[in-house]
2 protein chains.
Amino acid sequence: MTDTASGGAPTTATAFDAPSDGLDALFAPRGIAVIGASRDPAKLGAALARSVAAFPGHVAPVNARDPEPASGVHASVEEAAEHGPVDLALVCLPARACADAVAEAAKAGARAAVVYGGGFAEAGPEGERYQRELADVAERTGIRLLGPNTSGFLAPGRGLTASFVPGAADVPTGRIAVVAASGGVNHALAFLLGEAGHGVSLAVGLGNSVDVTTADVLNHLADDPHTTAVALHIESVADGRRLTDAVARLAATRPVVALVVGRHDVGAFAASHTGALATSWRTTRAALAQAGAVLVDDERELVDAVGALSLVRLPAAADAGVGVVTAQAGPGLLLLDDLRGRRAAVPELGADTRRALAEVLPPLTYQANPVDTGRPGPGFAAVLDAVAADEAVDLIAGYALHEPGTFDLVEAVDTVRGSVPLVLGVGGAGEDVRRVRRALLERGVPVAADPHGLAAMTGALLADARARRRTTAGTGAPRVAVEPGPGPWDEDRAKTLLGALGVPTMPRRACADRAEAHRALAELPGPVAVKLLDAAVLHKTEIGGVRLGVRTPDELDAALDAIEAAGASPTRRQPHSQRFLVESMAPAGVDLVVGARRDPVFGPVVLVGLGGTTAEALADVSIRLAPLGAEEAAAMPAELAGHALLDGWRGGPVLDRTALGETVAALGDLLAAHAGLAEIEINPLRLTAQGLVALDAVCIAAEAADAEHAAETTEAAAREGGD
Amino acid sequence: MTDTASGGAPTTATAFDAPSDGLDALFAPRGIAVIGASRDPAKLGAALARSVAAFPGHVAPVNARDPEPASGVHASVEEAAEHGPVDLALVCLPARACADAVAEAAKAGARAAVVYGGGFAEAGPEGERYQRELADVAERTGIRLLGPNTSGFLAPGRGLTASFVPGAADVPTGRIAVVAASGGVNHALAFLLGEAGHGVSLAVGLGNSVDVTTADVLNHLADDPHTTAVALHIESVADGRRLTDAVARLAATRPVVALVVGRHDVGAFAASHTGALATSWRTTRAALAQAGAVLVDDERELVDAVGALSLVRLPAAADAGVGVVTAQAGPGLLLLDDLRGRRAAVPELGADTRRALAEVLPPLTYQANPVDTGRPGPGFAAVLDAVAADEAVDLIAGYALHEPGTFDLVEAVDTVRGSVPLVLGVGGAGEDVRRVRRALLERGVPVAADPHGLAAMTGALLADARARRRTTAGTGAPRVAVEPGPGPWDEDRAKTLLGALGVPTMPRRACADRAEAHRALAELPGPVAVKLLDAAVLHKTEIGGVRLGVRTPDELDAALDAIEAAGASPTRRQPHSQRFLVESMAPAGVDLVVGARRDPVFGPVVLVGLGGTTAEALADVSIRLAPLGAEEAAAMPAELAGHALLDGWRGGPVLDRTALGETVAALGDLLAAHAGLAEIEINPLRLTAQGLVALDAVCIAAEAADAEHAAETTEAAAREGGD
């Protein structure tokens, strides 16, 4: 079962209902065979044999080539299976020999295998053939196959180190699962989580993912009682909807924190790594967040975030309030600055809270929010209690330098009666402060060493609470079903479609000739825009097919002359039957671009961005998978870097986010429901004092994949994928 | 000597030539008195007495109030000085008693003091008075005063812990100096540097900076043989030029890494902290970078950056080439992605290098740049050597998981013959990997635990090399001196000024009446723009004082009617003597905004941004202090988020950066040389296929500070200081 074979409904989280995923044999085997166990200690097979030596179940080295095998080394998996169960085969052979070895293991009863070596799809045509052979064996036999091209996995709670990386066996058992595209990143993260005092429940490096995919492991973890949070590392995605379904299912019960590589151009090296094609970084991030994952920018924040979320999860909330308590003003200022950058709500404290604080704090300290306790002392617990009792506070982020002899932070935490969760930063050095941090972790309090780490932890808890608020908000009321009819769509038909979707447009007339255009000028509120009306022309403005601000019949004639000349250019197909669109001009405002298109990996997506070349150059765009609820779509503008322009910038209009959300959701519905539509874009959708109005619209049929349309799609992709 | 008292020439790095800054008495005293030494162990004075107990010089506790002082406790500093030298007084008294105590210490021969307590300018009017009294004592007696409102400083190499924070004495001696606005941040950073294996040479928390300022400490460090790099934490700046002069002087010999707080709105809490006014975050960062500092975004990156720079400094280079070597592809991909985000040059390796790599690496590994070594092995050193020999490589960033038994990274580093510096990331957990990291640090190799830390270190080395390339490039040839004459300047006079500065404008006529306007229309290449010409009107477009695209006499009359109506509005002063500017329209292009204005902290600054509201809302602007060289100014557009728009976006024009740099430098020169000018702005400066052309210009006299001008300045500040 490969990632791409799942197909099915793209939208719900219920696609995966299989009672058994077969991954128990992989991650919880009764017995293991090491195929390719070698006498040479530098060889992979010897390293694996050392790694699994501590496994408490049956372990059987296999070497079919050694004419004089050492004692206990078997000539085949079949022979090994005679001495005990072999659920899992660890294959340490050159690429060309792996498919046969996996087939033989399956025949001997193994239900799972790991193929470690490289030389597959990442290494050229011959390797691609070996990889196809592996995929065939997995499909034919039903054996679950991890890899190839991976350093394996760790399940320290089972005493199982199915990895060749020295030191991997020292990673302590914990409650965090790592699911990494790369074996190296899997180990790097497991080591960092161990150092941070967390450990891992399971840590898996996917490698080339010929059979077992990220989605498979995530689905497996949804039923794992030993895992409370999941760290996800993504390099590329084969089946977008299967991944997001798995994340959504898992995130309902366990927080998922995701690090997506590829913000910048790393294509050539990435392709050499796993042989996979590049996936859009932005779309992947947007899709994961929409499914409920918390996004991070680097592996340190990943460790901070998943560590905090493995201990504390806030109730679903759009804007949970953070009470900031600091024993030193300077680090508190760093913390506050960082939290503001994460758009954390740091609410004013109530009068009761301030009264309570005034009783325990000296008068010179800052007692708003942040609360600065001045020198930390025995009153610290009382401060935490007072802030926790404030009804605007859902979470306390506290920072203190460790001050042995002055006050005991662990004792303070033990006496706190407050009912809101606590996340702490404890500055200091040496074994004593490490002891304090361990003691806090044991009490279920996430703890960082510095303000930035504390802000990252706090931000992760808030992002998770926000995501759950969204994912539990439903997809809104069902919308009117609109039938787009067959393409092509000229601007008039596209706007008729928008009208049916409830999107306002300006009064307009489609005119078959100049006389009709003159009648339209007389009848419509002026001034008007006059445009070439031809579905085959996607760039009207660029060829001179648009004239704005036309007020008089003379001006209209001049405009029609110019448009006819533009439309009669040699590249146009029907120079003699030109039609015109005459439309009332819209008032001034702020231009948006909204649209829906098909992503090759994730399927229908909707996009919201600001209009104009600057926004385009900055790739300032918000993306969601479609279909989606209007409420979810209404949250998209807040993600734009330039969102201030939509909130009454310099006295301008304020965006009605509900109306925008309904428009965007309607476009998404339309695309999701009609496979014949490749793309629909409103550019610009103008925000005016009277509300939103669509000034131009393009609607492209799926089959209309000629050169011009391909170029258009490439532009949209460039915009979305740019840095 | 307070920060604000220095004044003097704002531009050169030679302002500070004092042979002795008096800070030796503070940081390297022969003897110390603790004023307010207390018998109560919880009191500040008792904590300080414990902290300095280990000091190898003379230590004298002083308590003037205790009727029965303990043995060895003196009743006055004068008495204490009879038993040994007292260079430094540590004052642990309430705010109201500090000025007298410092005066008494000065009288008894102390040449430096630290005032620890709060309750000064950060705490309201009474505290402000106490702070003025302290400043007066310092100025009158010449005693150098650190604080008030600070936790002090550490000089572990001298056995001196002049801090009340427990554990501060455990920070090891190192080569990095910390200069922090906040005592808490000073300690937090010192602890982090200790944990990272670096330690500190000196770590100072400035507090309220009534006498000793950040600039003073930086100047002191420029002569400190024990310091090889400086970590700088800035909350606000009193005298911008004195700070940048100190940074420039220090950075010439020792790298300076700066963390500036206040990216987001933290004003209220910040004011409560030290009583200082907010300083523009963007301008402060720009000024520090221009002076040669490396900027970081959080305290972890600060530790990474200053740690690396304390061991390695690259030669000055605009784009030093990084050779990326990784033993695991996945972490290497994270590293490459991160480096690309830092605009690091990761050049193609030469044919010789590839040949050499092919000899030591297995064929399946990626051998471009990054170089993926596959499984790390004994060949690792040979790989490092081969990459180091490549002429495009100035620095190697290498990552490997620690693999005891497989290969020894320390041994590999010891055998490397390559001549370029090495920065390493070593993943793994446990005491063994910590030992490896320590061994690498001892060999002068900066080492991180993860790819992100490695990227931060590498980025810091590159930024330092780039800054030195800039600061050593000189300020360019002297430019033509232009005399702006007296204000006010209408658009025509402002453009005449631009013309004298060498900035192109379109052909234009200033017209005293309608007849002149008609003559201008007939003579100028059309179409033309027609504008109200009145120096008192700063927002011509907004009141309807601009008409574009005028081609015929009829259109001109209509335009003049409209402009006269707009100009005759009740708010205009001279409705009956209107003048007009008639100007040929410029071709289409990309609009920039460039200008020069006076920053209240840093003085003359120049700004470059993209035109339009989106760029404005995003505060996408590059800032430099003026005067500056044209070469430095030419580097400004590259800092804009939307810089792609200037590089031939969608077939558009490509910016001549030299021409832009000359224009910006000329504006900066003009403002720096003429105190009568408050601001000059070209908005827009259009980038066309024929080059840059100024379409509108505003020039404001310093004395013209009426309501309208104040509003304009506020807008400029809002733009520059936004989020």
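The structure is a predicted model. In chain A, the secondary structure amounts to 24 helices and 27 strands. Along the principal axes, the C-alpha atoms of this chain occupy a box of roughly 100 × 80 × 40 Å. Chain A has 723 residues, of which 58% count as buried.

Residues 26–120 of chain A carry the UniProt annotation "domain: CoA-binding", taken from an unreviewed entry.

On the surface, a patch of negative charge is formed by Glu78(A), Glu82(A), Asp100(A) and Glu104(A). One of these residues, Asp100(A), belongs to helix α4 of chain A, which runs over residues 95–107. The relative accessible area of Asp100(A) is 61%, so this residue is classed as exposed, the cut-off for that class being over 50%.

Leu189(B) sits in helix α6 of chain B, made up of residues 183–195. Leu189(B) counts as buried because its relative accessibility is 2%, and the buried class takes in values under 20%. Between Leu189(B) and Ala203(B) there is a separation of 14 residues in sequence, while their C-alpha atoms are 8.6 Å apart in space.

How values were computed
Residues are numbered from 1 along each chain as its sequence is written. Chains are lettered from A and ligands numbered from 1 in the order in which they are written. This is a predicted model: local features need pLDDT of at least 70, side-chain atom pairs count only at pLDDT 80 or more; totals for chains, interfaces and linings use all residues. Side-chain values use heavy atoms; hydrogens and water are left out. Patches are made of residues with over 30% relative accessible area and no salt bridge: like charges are joined within 9 Å, nonpolar side chains (Val, Leu, Ile, Met, Phe, Trp, Tyr) within 5 Å. Accessible areas come from the Shrake-Rupley method with a 1.4 Å probe; for residues, only the protein chains shown count as cover. A salt bridge is a side-chain nitrogen of Lys or Arg within 4 Å of a carboxyl oxygen of Asp or Glu. Lys and Arg count as positive and Asp and Glu as negative; His and the chain ends are not counted. The place of a charge is taken as NZ of Lys, CZ of Arg, CG of Asp or CD of Glu. Helices (H or I, at least four residues) and strands (E, at least two) are DSSP runs, numbered from the N terminus. Buried means under 20% relative accessible area, exposed over 50%, partly exposed in between (1.4 Å probe, protein chains only). UniProt positions are given in the numbering used here, feature names are shortened, and annotations may be inferred rather than shown by experiment.
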